[in-house]
Amino acid sequence: MSETAQLTLGIDEAGRGAHVGPLVLAAVALTPEESDQPIAAGLRDSKPLSPRRRTALAAIIRATASWAATEASSARIADRYVAGGFRGAPTLNVLEQRMATRLIRLAPPCTWIVADGQVLFRPLEEHVPNLRAVNHADDTEPSVMAAAIVAKVERDRLLAAIDKTSASLCGFIPRKGYPGRETTAWLARYQAFFGTLPPDARITWGRSKAP
């Protein structure tokens, strides 16, 4: 079996539940041998890792993986899908499925494709025979762990660019844009000053939290 045939493509996202900032999907293709170095460096579920540690791991992943790529959708695009205003596609699930499909088409041929989230990505199994939608794959599958880390680091990079504009207006975006009292207060300050929510806020956030 060739090295290419042994590739596993992992897919995961960052920012689905955020109130502010983009939604980012990442796909990472790894052979078992390519997984060794990231695992030795501490590859694991991305959530408990510090941003600094994730950044270091993302650099190792990109240097060792056969292939890695990301796609980002702005808050406005996410809102259009959730509100049903994008060609009759009324859910955030459809947006993520389309983003994942584009990444799969760009990726090299892989033996397996593992996407994190059974409900979210199961519809793709009908069109992609070697795709498996698995809950909590970011806990068990190295390629999905890698994709989760790459997605979070890319989203942090994009959010930092937004922060450069917003910080001078009403302070840095708290909690990476995820919901909480600090984020609510930040949005309230912005709205009180400008009379509207920032362009990077998800207006339909409350309708797009769950798959």
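1. Let's start with F193, which is exposed in this predicted model. Its relative accessibility comes to 64%, and exposed here means over 50%.

2. A search of the whole structure turns up 3 aromatic pairs. In one of them, the rings of W186 and Y190 have centres 5.9 Å apart and planes at 35 degrees, so this pair is tilted. Both residues sit in helix 7 (residues 181-194), and because they are 4 residues apart there, about one helical turn separates them. W186 is buried, at 1% relative accessible area, and Y190 is buried as well, at 11%.

3. F193 and F194 also form an aromatic pair, and theirs is edge-to-face. The centres lie 4.8 Å from each other, with 75 degrees between the planes. Planes over 60 degrees apart count as edge-to-face, so the angle settles the label. W186, Y190, F193 and F194 together make up one aromatic cluster.

4. Another aromatic residue worth a look is W112. The side chain of R132 lies over the face of the W112 ring, at 4.6 Å from the ring centre.

5. Now to the largest nonpolar core, which has 28 residues. Which of them touch the most other members? They are L9, I11, L25, W67, L95, I113 and F121. Several elements give two or more residues to this core: strand 1 (8-14), strand 2 (23-30), strand 3 (67-73), helix 3 (75-82), helix 4 (92-106), strand 4 (112-116), helix 5 (118-121) and strand 5 (131-134). Helix 4 provides the largest share, with 6 residues.

6. Setting aside neighbours within four places in sequence, L25 is in contact with I11, D12 and E13, with A69, T70 and E71, with E96, M99, A100 and L103, and with F121. I11 and F121 are, like L25, among the core residues that touch the most other members.

7. Finally, a word on the cysteines. How many disulfides does a search of the whole structure find? The count is 0. C110 is buried, at 15% relative accessibility, and C170 is buried too, at 12%. Buried means under 20% here, so both residues qualify.

Technical notes. Residues are numbered from 1 along each chain as its sequence is written. This is a predicted model: local features need pLDDT of at least 70, side-chain atom pairs count only at pLDDT 80 or more; totals for chains, interfaces and linings use all residues. Side-chain values use heavy atoms; hydrogens and water are left out. Rings of Phe, Tyr and Trp (its six-membered ring) pair if their centres lie within 6.5 Å; planes under 30 degrees apart count as stacked, over 60 as edge-to-face and the rest as tilted. Buried means under 20% relative accessible area, exposed over 50%, partly exposed in between (1.4 Å probe, protein chains only). A charge sits over a ring if NZ of Lys or CZ of Arg is within 6 Å of the ring centre and within 35 degrees of the ring normal. A nonpolar core is a set of buried Ala, Val, Leu, Ile, Met, Phe, Trp, Tyr and Cys residues joined through side-chain atoms within 4.5 Å. Contact means heavy atoms within 4.5 Å. A disulfide is a pair of cysteine sulfur atoms within 2.5 Å.
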